[in-house]
Amino acid sequence: MRVLVTGHQGYLGTVMAPILRQRGHEVTGLDTGYFAECVLGEVAPDPPTLRRDIRDVTSADLVGYDAVIHLAALSNDPLGALAPRITHAINHAASVRLAEAAKAAGVRRFLYASTCSVYGAAGEEFVDEDAPVRPLTPYAESKVRVEDDVAALADSGFSPVFLRNATAFGFSPRPRADIVLNNLVGYAVLTGVVRVASDGTPWRPLVHAADIADAFATCLTAPTAAIHARAFNIGAAFNNASVAEIAQTVVDVVPASRLVITGESGPDPRSYRVDFTRAGTELGFHARWGVRDGAAELYREYGVRLLSPVDFFERFTRLTWLQRLRDSGGLDGELRWVS
Ligand SMILES: NC(=O)c1ccc[n+]([C@@H]2O[C@H](COP(=O)([O-])OP(=O)(O)OC[C@H]3O[C@@H](n4cnc5c(N)ncnc54)[C@H](O)[C@@H]3O)[C@@H](O)[C@H]2O)c1
């Protein structure tokens, strides 16, 4: 299939594009390049790239594609809180316009990167796709609104599907240090401490970046009836873990590291245990990577590629890096490139 991947120069997109190509798809990327230079070691060449802000995309850009995979976004809660108005403009308004433009251009499938964060503070109950959504932040709110607005565009020629990804982990040549497992391993490698900035009790389901890529690849070729306007939780029952359990796994993997649970009540009230049955039974998708293997992979890659504190605390932390680009005049207040 001819596939346009937005956000292909991000953490997930950099893993996904080669996997889609290996499966025979013809991939074009579209990205504004906020993190294009935030790499650790060698990166496989990007696919042909449209350097474009999704706020500027028109249907003329989308003619000829069989599917759009839409990853581009301000990609987490702290980023969303940085500028709720811009989060709305990029994550919600531009995403809905992108879907409308795709439909107008004759694109038949629209695969959207949603998130399990839509479940918010769900407590001990396992939440499936029919559970009420309780978005707690502008980021999660934007994801819910895109799902609603883009679902309304579904018709016989246009099939959107919403992949509610668990929190990702695992190595990407464009790493992120601000998601839980990647953060715990990187901090432990640099300091010897596995530091949990909470009491460790929140539930945080995890999924490897390569498994997310596999889920998108599955949705590209699944029968239309199986994906049409459906939401799927993407993750694995065996990776539904509390933050304290995740941290203990990191202690086991990173030699001579020690666990510190600060017990502070952090700024992040999310806690949810997720039921991942639907993607298994309806799509045949099953995540493969466990947390321990992912921690070991991160430990190995951070070591081989010589992760530095500047990388970890600045270049691979989305909020810090965007603030740096803005403060240095590279980006303006709307997060558009100045030149
Ligand atoms: N990583 C996770 O844990 C996770 C979990 C659930 C959902 N998601 C979703 O998956 C998607 C990808 O996540 P990621 O971790 O790769 O994030 P990321 O921040 O690493 O990548 C996002 C990409 O989108 C691009 N982008 C942002 N705004 C843009 C704009 N206005 N125009 C064009 N490009 C723009 C950025 O340059 C970047 O390359 C996001 O939509 C995110 O919300 C991620």
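**A few spots in the predicted model**

Colleague: Which strand holds Ser159, and is Ser159 buried or exposed?
Modeller: This is a predicted model, so keep that in mind. Ser159 is found in strand 7, which covers residues 159-165. Buried means under 20% relative accessible area. Ser159 has 3%, so Ser159 counts as buried.

Colleague: How far apart in space are Ile227 and Gly192?
Modeller: In sequence, Ile227 and Gly192 are 35 residues apart. From C-alpha to C-alpha, the distance in space is 45 Å.

Colleague: Which strands pair with strand 4, and in what sense?
Modeller: Strand 1 (residues 2-6) is joined to strand 4 by 4 bridges, and the two run parallel. Over on strand 5 (residues 109-115), there are also 4 bridges to strand 4. That pairing, too, is parallel.

Colleague: Which residue of strand 5 stands opposite His70?
Modeller: Strand 4 covers residues 67-70, with Val68 and His70 pointing one way, Ala67 and Ile69 the other, and all of them buried. Ala67 has Val3 opposite. For His70, the residue opposite in strand 5 is Tyr112.

Technical notes. Residues are numbered from 1 along each chain as its sequence is written. This is a predicted model: local features need pLDDT of at least 70, side-chain atom pairs count only at pLDDT 80 or more; totals for chains, interfaces and linings use all residues. Side-chain values use heavy atoms; hydrogens and water are left out. Buried means under 20% relative accessible area, exposed over 50%, partly exposed in between (1.4 Å probe, protein chains only). Two strands pair if DSSP finds at least two bridges between them.
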